[in-house]
Amino acid sequence: MRKPRWLAAVVPLSVALVITSCGGGEDDAGDEGGGGDPQKNENTEISIFGTEPERPLVPGDTSETGGGKVIDALFTGLMDYDPVTGEPRLANAESFELTAPDEYTVKLKEGWKFHDGTPVLAKNYVDAWNYTAYSPNGQQHASFFAQVEGFDQVNLEDPDGDGPKTSPKPPTDKLSGLTVVDDHTFTIKFSQPHAVFKTKTGYSAYMPLPDAFFDNKEAFLDKPVGNGGWEFVARVPGQELQIKRYEDYQGDDKPKIAKVKFRFMDADAGYVEVKGNQLDFLDTLPPSAIAGNVWQSDLPDRADVAEVLAIQVISFPMYDKKYQNPDFRHAISMAINRQEVVDTIFEGTRKPATGYGIDKLPGWEPGACGDYCEYNPDEAKKLFEESGWTGPIEITSNADGGHKEWVEAVCGQIQNTLGAECTFVPVQEFSEIREAINAREMTQIYRAGWLADYALVENFLNPIYRTGGSSNDNGYSNPEVDAKLAAADSAPSEEEAFALYHEAEEMIAEDMPAIPLWNNPSIYAWSERLVNVRMTPKRELDLSSVEIK
Amino acid sequence: MTDPTAAATGVTAAQPSESYVVGAEHAPGKPGKPRSLWSDAWRDLRRRPLFIIAGAVITLLVVIALFPGLFTSADPNLKNLALSRDAPSADAWFGYDLQGRDIYARVIYGTRWSLLVGVAAALLTVLIGGVLGIVAGFNGGWLDGLLSRIGEVFFGLPFVLGAIVILSMFRNAGVRGALPIVGVVVVSLGVLSWPVAMRIMRSAAIAAKQQDYVKAARALGARPSRIVFKHLLPNCLAPVLVYATIALGAFVGAEATLSFLGIGLRDPAVSWGVMISDSRNFVRVAPHMLLFPAGFLTATVLAFVMLGDAVREALDPKLR
Amino acid sequence: MRRYVLRRLLQLIPVFIGTTFLIYLMVWSIPGNPFAGMCGERPCPDAFIATMTDKYNLDDSIFVQYFKYMGALLSGDFGETFSGLDVGELIALRYPVSVRLAIVAVTIEAVIGITAGILTGLRGRGFLDNVVLVSTLFLIAIPTFVTGFVIQILLGIQWEIMTPTVSSEGNWSELIIPGFVLGSLSMAYVSRLTRTSIAENKRSDFIRTANAKGLPQRRVVLVHMLRNSAIPVLTFLGTDIGGLMGGAIVTEGIFGINGIGALVYDGILSKEGVVVTGVVVLLVIVFLLVNLIVDLLYAVLDPRIRYD
């Protein structure tokens, strides 16, 4: 994976960022004040909607939401994110100081234990990170250590992609940049200054692992052992997973309730069960509940909309010659009447995008996209004809998750405005598109979404639109944009940085490698017996504040 | 089965009628017209109300399928979000769907594809099953054993599962365009259903093989192909025909089920199954999106099943 | 008789091999990399792919793969899904629900179907006969998913008589309505078959004799007529049980039943060949065995039928 280039003076930004977002949306009516019933908190088990984890429950290998929910409950990292504001704050770390431009020193809080009673020490972090980064272990989050010194010695790329040749074995399995100083202290050295690293450590890639993991992996896979506020109890594959409060947890966010069960089902069944109070929490309502806004009348005080760090776009495969005319791309964007789709398909629950970021990001101003994101059929038609496009326009996406409806609507608008045939090409599973995207073999415009790792506009731009960004899938590359982003990364003050990011957005809109459509809020619902319900910006129930009445 | 070449009445009429006392039940009928199973059946069918109704419905559907433009001038694929989910009105008799498309127009155009799938799949099944059935039944021996075993292998495959697997195979191969998609669905239906047709044909062939006239033909030195085509085939056709008509209805229903699951027909081929599937989330607020396609689907399948029923009763000598 | 059973069991084997190989071939040759998308938004690391390929023998030819798989199967190892769950466990968990559903469906269709068939078969043409004929016609014509769908919406959501989805335990009472939906199509066939069969036998000699002997009507019907009319109905019910478990995908999907239908459907879509093949193998065995049992029952029911 190519390393994005982070420059030095991002320091003031990362430390001083205050995010003014309300991660939990409007305050939940009816949940003010009153707490739960302490008796019930101790004895009643609540059930939460989930999906079957796709991989074994190892933090360095879990990148989808099904497993992510469980990992987030079982583990606590060096930092975590305030559930309401999203602001990063110290968790397992006592201090996390930049002791040199390219080095952090981390000191852990004392007295923290894993669920099997062993203490959480510096070596647990270092061992876990080495394990994840070492390429023969096949952990999905290996690339998250790309900036640490010594990464290229533990992680070697397969010379021919997915081909039959086996990848070479890396020379060592330990990152040279990680050093254990004493039981509770370790240092991280980067090959280049990378201050944002501190904010990222709340993410599942950076969790510690107990010695038990290395002594007996099989046992760990059957019963994961973490250091978070919840410990693993039991699991029925394909059906449910139970966790209970870890009594010796030292963190500030120790949960008030004691027993939780994740139940795996599909969202339609989940909605019905929440309605009937058989399921306690559902984090995303299915299209069947959103249609006609029936959820509002079905669940008057038990549902709400939450802003999530996500944006929906459709992306052009820039490596395909067909799509290389910017007039064509602008024409498509101006042929879409975003408001109309939001009103009819989404019942008004979304906001049309006017830039590449979303509201609630600190320092973000709307309108970077300007006219290009405004519905303008005449201009669209003019540009379309100038571009000389022939043949049908095809947009592809996975058909489930309510995507079929809006892509068809968008296609309809494009066809009506531009007069060219537009077809929606569905695939059954997202994985099929993912494969072609990874191989840079897409020939159609494709739906792309972005769920940010943390609340910074930088995370909406750098990984996707910078040359060689870790999620730059469509091959977009503009050296001027790269320079602007680099300047923003190293700007001396926040205001200057945000202004520069805004300029970068405008430049990206000029090129329009992807068309921003709207944000992706989450409508969530809960049963009658829960109080103090709120969602974290990661689209999960905040387990530390919820109570049972 | 009666022998179509037995021309009983013709012989009687040639004799001078005053030479014999002929009982009323043996009075010569219309001279020269042999009574075969088929003409008997047709005569019977014409009098059944079930057949007449079914026949009328099917004829109407065929006309709709061939000339949709006669029934509606709207474009079934024209989307207009401003009209999304509007209820039935004078402009659009069946209302509009989520994308603002005219439901009446879509139902009319959907007839074409649904019928096409049904007819083509039935034809394919009967062809494959019929040919293999006659070959197996007529030849007997190891060939029969082999073909029957192969039939059992396919028979053991659960239908819906097999269809999903086959259709997933093709879907991933990137089939585009209305006709190829229909073709794929037809092939998968045929591949999974031919064992039943083969069994029917085979048992009919075995039964027919025992008949005297076949033995006589063989004794006279007729080639196997002559025996098969001239003697066996006409007599085995009846049960297969009954099966084919009922199967046609079942195939139309099966295609709707597959489209409902999301793996059958899809845009640009409009199908009632797809329309029903699309209406899933909106039934509570816009029931017309479900009602009309479901109604047409039911009516079509019903018509074919009734037809098959009537044909079976007409052709079955035991029920006379 | 014993030799017949033995011969049939032996004949089962090539069919079993044929069907399972066919399924294996189809599932594993679905184009597309089965490991794509398992790693979320990012491409999978090579080491991951290498481990998985080795685990599932994907580098061998399809025949070798099949043999290795069957070998493991016969010793009870159904393999593991891509996410590391034991397939055998998964199947063991979900199978009972599907079996329960199938039993409920068959019971409902047998009871209602045979009763309706007897009543109409005995009475001959009349009002009841026409009602049954027309209603069965409708049941045959309306596809299962429409029936299930409409019933779910009417009873579950509009009128709230039942819970729209079945809970994960899936106990007997919850399965009655889904069972009814599942069996509705077959119920129509059963009643027609029974009706035809009884109508035929009504005029036979042994029934006339029984009536002439002065036996009570109930005995005539239940002991003599039913036993002789049962054969075609039994054949149908037998093949139905076998087919029901595999074909319940749609019903299970609509009512949210945690059975093997949903398991297989998800498995096909996510290209989990192990799951699909494992379940289908089981279904095929059940199907073939049930067929065998039905054939043997013939001999019990009808003394004229002799196997040797």
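Me: Where in chain A is A:Met512 found?
Reply: Heads-up, this is a predicted model: local features need pLDDT of at least 70, side-chain atom pairs count only at pLDDT 80 or more, and totals for chains, interfaces and linings use all residues. Residues are numbered from 1 along each chain as its sequence is written, chains are lettered from A and ligands numbered from 1 in the order in which they are written, and side-chain values use heavy atoms, leaving out hydrogens and water. Elements here are DSSP runs numbered from the N terminus, with helices (H or I) of at least four residues and strands (E) of at least two. On that numbering, A:Met512 sits in the loop between helix H19 (494-511) and strand E17 (514-519) of chain A.

Me: What is the relative accessibility of A:Glu347?
Reply: A:Glu347 also has a positive phi, near 55°, and is not a glycine. You'll find A:Glu347 in the loop between helix H13 (338-344) and helix H14 (377-387) of chain A. A:Glu347 counts as buried because its relative accessibility is 19%.

Me: How far apart in space are A:Gly363 and A:Leu456, C-alpha to C-alpha?
Reply: A:Gly363 is in the loop between H13 and H14 of chain A, and at 43% relative accessibility it counts as partly exposed. A:Gly363 and A:Leu456 are 93 residues apart in sequence, but C-alpha to C-alpha the spacing is 9.1 Å.

Me: How many of the 10 residues of helix H3 of chain A are buried?
Reply: The buried residues of H3(A), among them A:Gly66, A:Val70 and A:Leu74, pack against strands E1 (45-50), E8 (230-236), E9 (240-245) and E10 (259-264) of chain A. Contact here means heavy atoms within 4.5 Å. Helix H3(A), residues 65-74, is mostly covered, and the buried count is 8.

Me: At roughly what angle do the axes of helix H17 of chain A and H19(A) cross?
Reply: Residues of H17(A), including A:Leu461 and A:Tyr465, meet residues of H19(A), including A:Phe498 and A:Ile508. The contact divides into 6 nonpolar, 1 polar and 2 charged residues (Ala, Val, Leu, Ile, Met, Phe, Trp, Tyr, Cys and Pro are nonpolar; Asp, Glu, Lys and Arg charged; the others, Gly among them, polar). The axes, lines fitted to C-alpha atoms over the stretch in contact, with angles from 0 to 180 degrees between N-to-C directions, come within 11 Å and cross at roughly 40°.

Me: How many helices does the secondary structure of chain C have?
Reply: Chain C has 308 residues, and 54% of them are buried. With 0 strands, the helix count is 12.

Me: Within how many Å do the axes of helix H4 and helix H5 of chain C come?
Reply: In H4(C), C:Ala116, C:Leu119, C:Thr120 and C:Arg123 meet C:Leu128, C:Asp129 and C:Val132 in H5(C). That contact comprises 4 nonpolar, 1 polar and 2 charged residues. The axes of H4 (residues 87-123) and H5 (residues 127-141) cross at roughly 135° and come within 9 Å.

Notes. Buried means under 20% relative accessible area, exposed over 50%, partly exposed in between (1.4 Å probe, protein chains only).
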